[in-house]
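Subject: A structure for you to look through

Hi,

Here is the structure I said I would pass on. Have a look around it first, then read my notes below.

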Amino acid sequence: GQYYHQGIYRTEDAGVTWTRSDAGLIEDKVIEITTHPTRPFEAWAGQQSSRGMYRTKDGGQTWSLSPGLLTHYPMRLAYIPGSDDGLVHTSLHTGEDFGTSPNDGVSWTILSEQTFFKALSEEGKKLYDESLNRNSNLHLHGLAIDPKNPQTIYVGSVHDESPFNAKPLTGAHIFKSTDGGVTWAESDTGFEISAKTAIHDIEIDPTSAE
């Protein structure tokens, strides 16, 4: 948060001391911080409820807002393994629910919720109400990239009962791409997709990505 002297803090001695590091980041509700795997002074911070995505290139001394609808409701952001500037982003906004960037967020290739609705399995389709599809969206949150094969990406959805607009897809679903996020298929056999829950995090077994 950013109220009453709260904010983002940085430590350089394994947590013994901390320094305030959020100049330029003026909103509250920071829900995601992602650091660059090889550039130690670069990081992104995602903020909830249309507050956007911010980036720092000086170890948190200053932050700048990254514009674009994809960052309207940012959820998870991850760097693509083996790529200094490749990013993957999950979000919640009509027409902008998932994105990839080859240039550290300068430009994005964005996919809408329709891509994932079309990728539903037969079981998933039973939880999909096409009549609610107009001006709707899909709350994508959980995100993981296979470190051994960065072309394999997983995202997870949230059962969202937001009063602002009805969601055509209920339950929680996992989608998998094997071509770097171009095409998708529902991949959650054995997971109770009708559960009214949220997939906030996805972790890949380092010994077996299958």
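Predicted model: local features only at pLDDT ≥ 70, side-chain atom pairs only at ≥ 80, totals over all residues.

The mean pLDDT of the protein is 86, and 93% of the residues reach 70 or more. Among the elements, strand β13 (residues 174–177) has the highest mean pLDDT, at 97, while strand β6 (residues 64–66) has the lowest, at 81.

Four strands make an open sheet in the order β11-β12-β13-β14, with antiparallel pairing. Its edge strands are β11 and β14 (185–186), each of which pairs on one side only. In general, strands of a sheet pair through backbone hydrogen bonds, in either a parallel or an antiparallel way.

You can trace the pairing strand by strand. β11 and β12 are antiparallel and share four bridges; leucine 140, for example, has serine 157 in β12 as its bridge partner. Four bridges also join β12 to β13, again antiparallel, and here isoleucine 153 is partnered with serine 177 in β13.

Why is strand β12 (residues 153–157) described as largely enclosed by the rest of the structure? Because five of its five residues are buried. Both of its faces are covered: Ile153, Val155 and Ser157 are buried on one side, and Tyr154 and Gly156 are buried on the other.

Next, the largest nonpolar core. It has 16 residues, and the ones that touch the most other members are Phe98, Phe116, Leu138, Val155, Phe175 and Trp184. At least two residues each come from α1 (113–118), β11 and β12, with β11 giving the largest share, three residues. In soluble globular proteins, nonpolar side chains tend to be buried together.

There are pockets to explore too. The largest has a volume of about 400 Å³ and is lined by 18 residues. Leu77, Ala78, Leu143, Ala144 and Ile145 lie nearest its centre. Strands β3 (30–35), β7 (74–79) and β11 (140–145) each supply at least two residues of that lining. By class, the lining has 11 nonpolar, three polar and four charged residues.

The second largest pocket has a volume of about 230 Å³. Of its 11 lining residues, Tyr73, Leu92, Ser162, Phe164 and Asn165 are the closest to the centre. This lining is made up of three nonpolar, six polar and two charged residues.

Alanine 14 has a positive phi, near 60°, although it is a residue other than glycine. You'll find alanine 14 in the loop between β1 (9–10) and β2 (19–20). Aspartate 104 is not a glycine either, and its phi is also positive, at about 60°; this residue is in the loop between β9 (98–101) and β10 (109–111).

Which of these counts as buried, and which is exposed? Alanine 14 is exposed, with a relative accessible area of 84%, whereas aspartate 104 counts as buried at 5% relative accessibility.

Happy browsing!

Definitions and conventions: Residues numbered from 1 in each chain as written. Heavy atoms only, no water. pLDDT = per-residue confidence, 0-100. 1 Å grid on protein atoms, 1.4 Å probe; cavity = no way out; pocket = protein on both sides within 12 Å on 5 of 7 lines; lining within 4 Å. Points joined across faces, edges and corners; volume = space filled by probe spheres on them. Nonpolar A, V, L, I, M, F, W, Y, C, P; charged D, E, K, R; others polar. Buried < 20%, exposed > 50% of the residue type's maximum accessible area, 1.4 Å probe, protein only. Pairing = 2+ DSSP bridges. Core = buried A, V, L, I, M, F, W, Y, C linked by side-chain atoms within 4.5 Å.
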